Amino acid sequence: MYVHACMQEEELVDGKVDWRGRRAVRHKHGGMKVSLLVLGAFAFESMATLALAVNFVSYFIGIMHYELADAANMVTNFMGVSNLLSIVVAVLADSFIGRYKTVLISGFFECLGLALLTVQAHYPNLKPAICNLLDKNAVCEKINGNHEAFLFISLYLLAFGSAGLKASLPAHGADQFDEKDPKETRQMSSFFNALLLAVCIGGSVSLTFNVWIQNSKGWDWGFGISTIAIVFAMIIFALGLPLYRIHAAQRTNCIIEILQVYIAAIRNRNLPHPADSEELYEIEHDKEAAVEIEYLPHRDIFRFLDKAAIERKSDDLQSEKQEIPNPWKLCRVTQVENAKIILSMIPIFCCTIIMTLCLAQLQTFSVQQGFTMDTRITKHFNIPPPSLPIIPIGFLVIIIPVYDRICVPVLRKFTGIPTGVTHLQRIGVGLILSCISMAIAAIIEVKRKNVARDNNMLDAVPGVQPLPLSIFWLSFQYFVFGIADMFTYVGLLEFFYSEAPKGLKSTSTCFLWSSMALGYFLSSIMVQIVNNATKNVTASGGWLAGNNINRNHLNLFYLLLSLISLINFFVYLVISKRYKYRPQGPTVKGVDSQ
């Protein structure tokens, strides 16, 4: 009977429940097959939104009549807000709502935002009058008033919904695997690689079919297709409800627990460190009878935070009267160690912001470069400039399975690391590749401008008078940055999820989206700073001023980003060498005294 009970216990998954709130069973709930539903939902979400990220500039300029710099900033601000909101949603998902419910709620808001954009794009009375932008004498009225308010409400409903899906879908997918099981740990690494593959597959459809719909059938059709894609994403995701391992909301806020460590450390700042770390406060194992709780060993880093776990004599007297001390005055060692982990991840987080700053240019200015170039593939088919990222994405669709199924096992044999290389090594490869991508972009832009100058086409009308230079020259910078994506962004997701405390899994994966948000905001600031700093030294009034990209100095801006990226990479090397990974000790379960 006891053996049978133990066998049943082994089949249960610690910390996870099914949709009815019962303990999840290993071979019934979760696993790689179930995670395919999460990947399918993420693919449809990517199909709905990726084309918008690269084609919104065209919509804001051509339909809403914003200037190029303003349109580019609107896109980067939209992307920044979307990524930054993911932190707020992630905290709610981890602490109160739960990840599964958060996905469904976020999907509703994203669908609503896209539906409102569809309505505005369809009805002429909700947008500016049609205007010939190619006519230099035409006065095109920019969207304003209530119509502009309608646009922003729609955009930021979409941003909020997209933020929620980014915050909860990857973490919910990773919840389908048990980090304590070696086999499932390897499967979780494959899941994160497959997550990028899903983005690429959905993005391939988005950058071809969706962009073609937007440019040839109209933006109302384009937004409508995206709305339908989100509906399909939510249906696919909801089908897995009986099979999911669901992370139950903690009802306690881990961010508050981390703040408690800092407050307690400040309060205890005058107390001396004990000679032995064993004297620091920790819950005794036998006090948590039959209740699972996480324990982390003390590490000799950020010692000022250890003061939060130093017991005063008054605390000893208080603990005799009440079992749990005031957490704002005294914290467990494990709580302190979790605060140390978050603190040590912040420099890594900061070093990845510059990469998104570079990505923002490929989604804005590089698309506008493409409109000036020859987009012909055959005599009867032209590639839309916003579809250009399909080249690196198509390559990633091939190389991701090769990397996951061939490269990782080979590397694993040499390094003994389940993921082939460490997360930080993978991130570093991506950072140096992003630097190379910007250098290539600067070189290609010099070539493009030389062609325009040599053919007296500096004032040629984009899209009507294309330069005698193929748009595929831009594919080199997209190609290199696509590989950088595979290394850095997937590495970051896996790094943040595996290193974070249990109650901050969704929030930790949002470090990636937060890094991207700050990168997008920094892009908007950089554009303004560069234009203001160079307005008196260039004929165009700034490196990036005006709508004529042939008269701008985009090549110098790309070169500046490449140099900043190189400096950032060397800073990252120093920080990553000093980083100490989270100890992967087992969770200790209290033993009943009986």
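Are Glu337 and Arg299 buried or exposed? Select the pair: both Glu337 and Arg299 are buried. Keep in mind that this is a predicted model.

**Stop 1: Glu337 and Arg299**

Show the side chains of the two residues. Glu337 and Arg299 form a salt bridge, with 3.4 Å between the closest N and O atoms. Now colour by secondary structure. Glu337 belongs to helix H10 (residues 333-351). Arg299 sits in the loop between strand S4 (292-293) and helix H9 (313-321). The pair links distant parts of the chain, 38 residues apart.

**Stop 2: Phe304**

Stay in the loop between S4 and H9 and select Phe304, which is found there. Is Phe304 buried, partly exposed or exposed? Its relative accessibility is 47%, so Phe304 counts as partly exposed. Next, show its contacts. Leaving aside residues up to four places away in sequence, Phe304 touches Tyr262, Ala265 and Leu343. Then draw a C-alpha to C-alpha distance from Phe304 to Ile266: it comes to 8.8 Å. In sequence, Phe304 and Ile266 are 38 residues apart.

**Stop 3: Asp175 and Arg99**

Move to Asp175. Its salt-bridge partner is Arg99, and the closest N and O atoms are 2.4 Å apart.

**Stop 4: Glu445 and Arg448**

Select helix H14 (residues 423-454), which holds both Glu445 and Arg448. How many residues apart are Glu445 and Arg448? They are three residues apart, about one turn of the helix. Their side chains meet in a salt bridge, 2.8 Å from N to O. Glu445 has a relative accessible area of 0%, so Glu445 is buried. Arg448, at 1%, is buried as well.

**Stop 5: a salt-bridge network**

Select Arg26, Asp178, Glu184 and Arg245 together. A network of salt bridges links these four residues. As background, side chains of opposite charge can pair when their charged atoms come close. Across the model, the count comes to 14 salt bridges.

**Stop 6: the sheet**

Switch to cartoon view and select strands S1, S2 and S3. In what order do the three strands stand? The order is S2-S1-S3, in an open sheet with antiparallel pairing. S2 and S3 stand at the edges with a single partner strand each, so one side of each has no neighbour in the sheet.

Start with S1 (residues 12-17) and S2 (residues 23-25). Two bridges join these antiparallel strands. Pick Leu12: its bridge partner in S2 is Val25. S1 and S2 form a hairpin, with five residues between the strands. Select Gly21 in the turn, where phi is positive, at about 90°.

Now turn to the S3 side. S3 (residues 246-247) pairs with S1 over two bridges, again in the antiparallel sense. Select Lys16 to finish: Lys16 stands opposite His247 in S3.

How values were computed
Residues are numbered from 1 along each chain as its sequence is written. This is a predicted model: local features need pLDDT of at least 70, side-chain atom pairs count only at pLDDT 80 or more; totals for chains, interfaces and linings use all residues. Side-chain values use heavy atoms; hydrogens and water are left out. Helices (H or I, at least four residues) and strands (E, at least two) are DSSP runs, numbered from the N terminus. Buried means under 20% relative accessible area, exposed over 50%, partly exposed in between (1.4 Å probe, protein chains only). Contact means heavy atoms within 4.5 Å. Two strands pair if DSSP finds at least two bridges between them.
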